[in-house]
Amino acid sequence: MDVFTRECLAIEVGQRLQGTDVVAALNRIRESGRVPGILFCDNGSEFTSQILDLWAYHNKVKIEFSRPGKPTDNAFIESFNGTFRDECLNAHWFESLKKAKMKIATWQREYNESRPHRALGETAPAEFARQHWTKQESRRENTAGD
């Protein structure tokens, strides 16, 4: 999750996710041009893996771990996880991993594109991000001509 735009950038679906799965997701995000400056993580084995540490080092990304037993250290993702659990995971019966991936991808798209967010002035995360990046590009173009 991008804590600025509140966009859900990736949800990995699987039975036993590992550091390689996290790195694969981060590489897909990076390919879209969005490399995070900081990763906020819990202390799960997929986040404390050597491969994720190497990825962060090579991409100049800082990793900040929440303290054990302190979910408020990562309140944005904890809030998102609760919403995801209530609205998607608890609302559906997944007959297969393939069907789970499809339903979760649909929920993610709806969350990003159709769901207004109070912290974003009742704008959906994807629209907020588009507006932000458009303003940033406009500022760069205006200062380039000076």
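Start with the contacts, meaning heavy atoms within 4.5 Å. Take those in the protein chain with a separation of 6 or more: residues 24 or more positions apart account for 57% of them.

A word on what you're looking at. This is a predicted model, where local features need pLDDT of at least 70, side-chain atom pairs count only at pLDDT 80 or more, and totals for chains, interfaces and linings use all residues. Residues are numbered from 1 along each chain as its sequence is written, and side-chain values use heavy atoms, with hydrogens and water left out.

Now the layout. The protein chain has five helices and two strands. These are DSSP runs, numbered from the N terminus: helices are H or I with at least four residues, strands are E with at least two. From the N terminus on, the order is α-β-α-β-α-α-α. The C-alpha trace spans about 55 × 35 × 30 Å along its principal axes.

Next, surface. Accessible areas come from the Shrake-Rupley method with a 1.4 Å probe, and for residues only the protein chains shown count as cover. The protein chain comes to about 10,000 Å², and carbon and sulfur atoms hold 50% of that. Of the 146 residues, 29% are buried. Buried means under 20% relative accessible area, exposed means over 50%, and partly exposed is in between, again with a 1.4 Å probe and protein chains only.

On to the pockets. Rolling a probe the size of a water molecule over the atoms shows where empty space is left. Here the search runs on a 1 Å grid over the protein atoms alone; a pocket is an open set of points with protein on both sides within 12 Å along at least five of seven lines, whereas a cavity is a set where a 1.4 Å probe fits but cannot get out. Lining residues have an atom within 4 Å of a point. Grid points are joined across faces, edges and corners, and a volume is the space filled by probe spheres set on the points.

The largest pocket has a volume of about 1,200 Å³. It is lined by 39 residues, and Met-1, Ala-10, Phe-40, Phe-47 and Ile-77 are the closest to its centre. Which elements give two or more residues to that lining? They are helix H1 (19-31), strand S1 (38-41), helix H3 (75-89) and helix H5 (125-144). H3 gives the most, with eight residues. By type, the lining divides into 25 nonpolar, six polar and eight charged. Nonpolar here is Ala, Val, Leu, Ile, Met, Phe, Trp, Tyr, Cys and Pro; charged is Asp, Glu, Lys and Arg; the others, Gly among them, are polar.

The second largest pocket has a volume of about 260 Å³. Its lining has 13 residues, with Arg-6, Ser-79, Thr-83, Tyr-111 and His-117 nearest the centre. H3 supplies the largest share here, five residues. The lining splits into seven nonpolar, three polar and three charged.

Stay with Arg-6 for a moment. Arg-6 lies in the segment before H1. It is buried, at 14% relative accessible area. Its phi is near 65 degrees, a positive value in a residue other than glycine. Glu-122 has a positive phi too, about 60 degrees, and is not a glycine. You'll find Glu-122 in the loop between helix H4 (97-113) and H5.

Cysteines next. How many disulfides are there, taking a disulfide as a pair of cysteine sulfur atoms within 2.5 Å? The count is zero. Cys-8 is buried, at 3% relative accessibility. Cys-88 is buried too, at 0%.

Two more residues. Asn-74 sits in the loop between strand S2 (62-65) and H3. It is buried, at 10% relative accessible area. Leaving aside neighbours within four places in sequence, Asn-74 is in contact with Phe-40 and Cys-41.

Asp-21 is in helix H1. Is Asp-21 buried or partly exposed? At 25% relative accessibility, Asp-21 counts as partly exposed. Neighbours within four places aside, Asp-21 is in contact with Glu-12 and Arg-16. Its C-alpha atom is separated by 9.4 Å from that of Leu-52, 31 residues apart along the chain.

Terms used. Disulfide = S-S within 2.5 Å.
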